[in-house]
Amino acid sequence: MESADERKHLRDILKHLILEPSGFTPEHAANGLHSIMRGEASDAQMGGFLTALKLRGVDKEPKMIAALAREMLNNALVPHLETDEKTRDQFGIVVDIVGTGGDGWNTFNISTTSALVAAAAGLQVAKHGSRASSSNCGSADLLESLGCDLGIVSPSDVAELVSKYRFCFLFSSTFHPSMRYLAKSRRELGFPTPFNVLGPLTNPVLPDRAVIGVHSKSLGPMMAEALKLLGRRNYAVVCGDENLDEISIAGTTHVWHIQENGDITNYTIHPSDFGVPTHPLSEAAGSSLEENKETLTRLLNNNLEAKDEAIRDFVLVNTGFLLYISGIALSMKEGATIARETLESGKAETLLYDFAKATQELRAQESEKATIN
């Protein structure tokens, strides 16, 4: 691998990609991204790079995706999970649950809700996410509407928040500031690029366990192999049979499970494995930010309406599976039972309130410092 000083400008990498595509390597891809994240490239060069990567089929190659993810992580702001009272080992297992988006189903914010319930059930969750890009309401949008000041959370705050509340949200724009250079080109191109699948691979906490949803069954094996190349173990990549980037409440879900020894096991699961009935996906659809906020509020305070039952069960299977692969539950059915009990207890509602209050206090402290200075 070339040193940082020897790496080529994106213009040279792009020329190689266009003129010699068969000789384009993962190292070339990483070097191109490195040039972008140093702010060296023009909008035209970045747009050309993204387009050429797409045409080259990079999003179908695990080694390419792993190389790009590794480069992103090398340039990320990395939180260290240590406090005055806890070492990293004493934190224990830290998890995430996240999807690529882009499945077109516009379901309710299942992974965000599941992250809160899993944390309230005893897991430590470092949720990596952003605002909406392919849906009406992203994870950050929903949490902010409920009082969470996500933009104030810095790498130095993460350990304390996870330690106190078992939950923290890592806003991708805060923890991957160098990716801002690509934002305009990605937005203006109007088609998905290989970077659309990198978010779930680039949580800077490097969780010990994760459930990662993908929007296409063909993407599942590639994503699992990329995770394996990045050294992740005990991760599960999931895709509903409808090409849903979550565990489906409507029927079968395909799983690519990266075992401790690195083997990737492919199997299917079904709501019946969780002791939960099936529901049409249309009954679990998301809506506007305001309506999703109201739905989450009803779920967390256990004041459900009949129309919320499908979404609640959707949350139970996704939370239950995360609890299962993380060792909190001995079976998927037990995982769903724990998730249900946690929801009904009100613990998830309390956790969200406490986390939101903590972020507001961080903002107040920051404002006070600015006033003093």
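Predicted model: local features only at pLDDT ≥ 70, side-chain atom pairs only at ≥ 80, totals over all residues.
This note walks through selected local features of the structure, point by point.

1. **Helix H11.** This helix covers residues 219–229. Its buried residues are Leu219, Gly220, Met222, Met223, Ala224, Ala226 and Leu227. An α-helix has 3.6 residues a turn, so residues three or four places apart point the same way. Leu219, Met223 and Leu227 are among the buried residues of H11.

2. **After H11.** Gly231 follows the helix. Its phi is positive, near 90 degrees.

3. **Salt bridges overall.** How many salt bridges does the structure hold? The count is 11. The next points look at some of them.

4. **Lys54 and Asp59.** These two side chains form a salt bridge, with N to O at 3.0 Å. Lys54 is at 29% and is partly exposed.

5. **Arg131 and Asp141.** A salt bridge joins this pair, and the closest N and O atoms are 3.8 Å apart. Arg131 sits in the loop between strand S2 (124–129) and helix H7 (139–145), while Asp141 is in H7 itself, so the bridge ties together parts that are 10 residues apart in sequence. Arg131 is partly exposed, with a relative accessible area of 41%. Asp141 is buried, at 16%.

6. **Arg131 and Glu144.** Arg131 also meets the side chain of Glu144 in a salt bridge, 2.4 Å from N to O. Glu144 lies in helix H7 and Arg131 in the loop between S2 and H7, so this pair links parts 13 residues apart in sequence. Glu144 is partly exposed, with a relative accessible area of 27%. Through shared partners, the salt bridges join Arg131, Asp141 and Glu144 into one network.

7. **Arg312.** Where does Arg312 lie? Its place is in helix H13, which spans residues 309–325. Is Arg312 buried or exposed? Its relative accessible area is 18%, which is under 20%, so Arg312 is classed as buried. Leaving out residues up to four places away in sequence, Arg312 touches Leu299, Leu304, Arg340 and Leu343.

8. **Asn243.** This residue is not a glycine, yet its phi is positive, near 65 degrees. Asn243 belongs to the loop between S5 and S6. Asn243 is partly exposed, with a relative accessible area of 29%.

9. **Asn302.** Here is another asparagine with a positive phi, about 60 degrees. Asn302 is in the loop between helix H12 (289–300) and H13. H13 is also the helix that holds Arg312. The relative accessible area of Asn302 is 41%, so this residue is partly exposed.

Conventions. Residues numbered from 1 in each chain as written. Heavy atoms only, no water. Helix = DSSP H or I, 4+ residues; strand = E, 2+ residues; numbered from the N terminus. Buried < 20%, exposed > 50% of the residue type's maximum accessible area, 1.4 Å probe, protein only. Contact = heavy atoms within 4.5 Å. Salt bridge = Lys/Arg side-chain N within 4 Å of Asp/Glu carboxyl O.
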